[in-house]
Amino acid sequence: LGPIARSGTAKFSEMLKEQQASGEDASNLIGRFGVGFYSSFLVADRVTVRTKSNDDGTQWKWESEVGSTSFTINADDSDEKLG
């Protein structure tokens, strides 16, 4: 999740200021800098991410709920297998 969810707040703020200064529309920044992952919590009560390593084939499930300060990571034993 690190590469997907990395926080790009400083870079986002910098680009927003640059676009505002140049008069450009800042709406094309949505979904960049890792904020797409975090925005999923705006529309869902629970976020689940399933992932699998290509090295060993183990499938994992990461899960967290809105308002929670914790998350769980467990082996994913669901019937939904990733390729």
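How many bridges does the pairing of β1 and strand β2 rest on, and in which sense do they pair? Strand β2 covers residues 59-65, and its pairing with β1 is antiparallel, over seven bridges. Two strands are said to pair if DSSP finds at least two bridges between them.

The model is predicted: local features need pLDDT of at least 70, side-chain atom pairs count only at pLDDT 80 or more, and totals for chains, interfaces and linings use all residues. Residues are numbered from 1 along each chain as its sequence is written, and side-chain values use heavy atoms, with hydrogens and water left out.

The protein has three helices and three strands, and from the N terminus on its elements run α-α-α-β-β-β. Helices (H or I, at least four residues) and strands (E, at least two) are DSSP runs, numbered from the N terminus. Of the 83 residues of the protein, 19% count as buried. Buried means under 20% relative accessible area, exposed means over 50%, and partly exposed lies in between (1.4 Å probe, protein chains only). Among contacts with a separation of 6 or more, 27% come from residues 24 or more positions apart; a contact means heavy atoms within 4.5 Å.

Helix α3 spans residues 35-43 and contains phenylalanine 37. Phenylalanine 37 is buried, with a relative accessible area of 14%. Its C-alpha atom is separated by 9.3 Å from that of valine 47, 10 residues apart along the chain.

The strands form an open sheet of three, in the order β1-β2-β3, with antiparallel pairing. β1 (46-52) and β3 (72-75) are the edge strands, and each pairs on one side only. Neighbouring strands of this sheet are turned by 20° against each other on average, direction ignored. For such angles, axes are lines fitted to C-alpha atoms, for helices over the stretch in contact, and angles run from 0 to 180 degrees between N-to-C directions. In general, strands of a sheet pair through backbone hydrogen bonds, either parallel or antiparallel.

β1 and β2 form a hairpin with six residues between them. Glycine 57, in the turn, has a positive phi of about 80°. Along the pairing, threonine 48 has glutamate 63 of β2 as its bridge partner, and valine 49 stands opposite tryptophan 62 in β2.

Side chains of opposite charge can pair when their charged atoms come close. The structure holds three salt bridges, a salt bridge being a side-chain nitrogen of Lys or Arg within 4 Å of a carboxyl oxygen of Asp or Glu. One of them joins arginine 46 to glutamate 63, with the closest N and O atoms 3.6 Å apart. Because arginine 46 lies in strand β1 and glutamate 63 in strand β2, the pair ties together parts that are 17 residues apart in sequence. Arginine 46 is partly exposed at a relative accessible area of 44%, whereas glutamate 63 is buried at 18%.

Arginine 46 also meets glutamate 65 in a salt bridge (2.4 Å, N to O). Glutamate 65 lies in strand β2 and arginine 46 in strand β1, so this pair ties together parts that are 19 residues apart in sequence. Glutamate 65 counts as partly exposed, at 39% relative accessibility.

A further salt bridge is formed by arginine 50 and aspartate 76 (2.9 Å, N to O). Arginine 50 lies in strand β1 and aspartate 76 in the segment after β3, so the pair ties together parts that are 26 residues apart in sequence. Arginine 50 is partly exposed, with a relative accessible area of 31%, and aspartate 76 is buried, at 6%. Salt bridges that share partners join Arg46, Glu63 and Glu65 into one network.

Serine 78 also lies in the segment after β3 and is buried, with a relative accessible area of 18%. Leaving aside its neighbours within four places in sequence, serine 78 is in contact with Arg50 and Gln59.

Accessible areas come from the Shrake-Rupley method with a 1.4 Å probe; for residues, only the protein chains shown count as cover. Trp60, Phe71 and Ile73 make a nonpolar surface patch of about 320 Å². Patches are made of residues with over 30% relative accessible area and no salt bridge, with like charges joined within 9 Å and nonpolar side chains (Val, Leu, Ile, Met, Phe, Trp, Tyr) within 5 Å. Tryptophan 60 lies in strand β2 and counts as partly exposed, at 36% relative accessibility.
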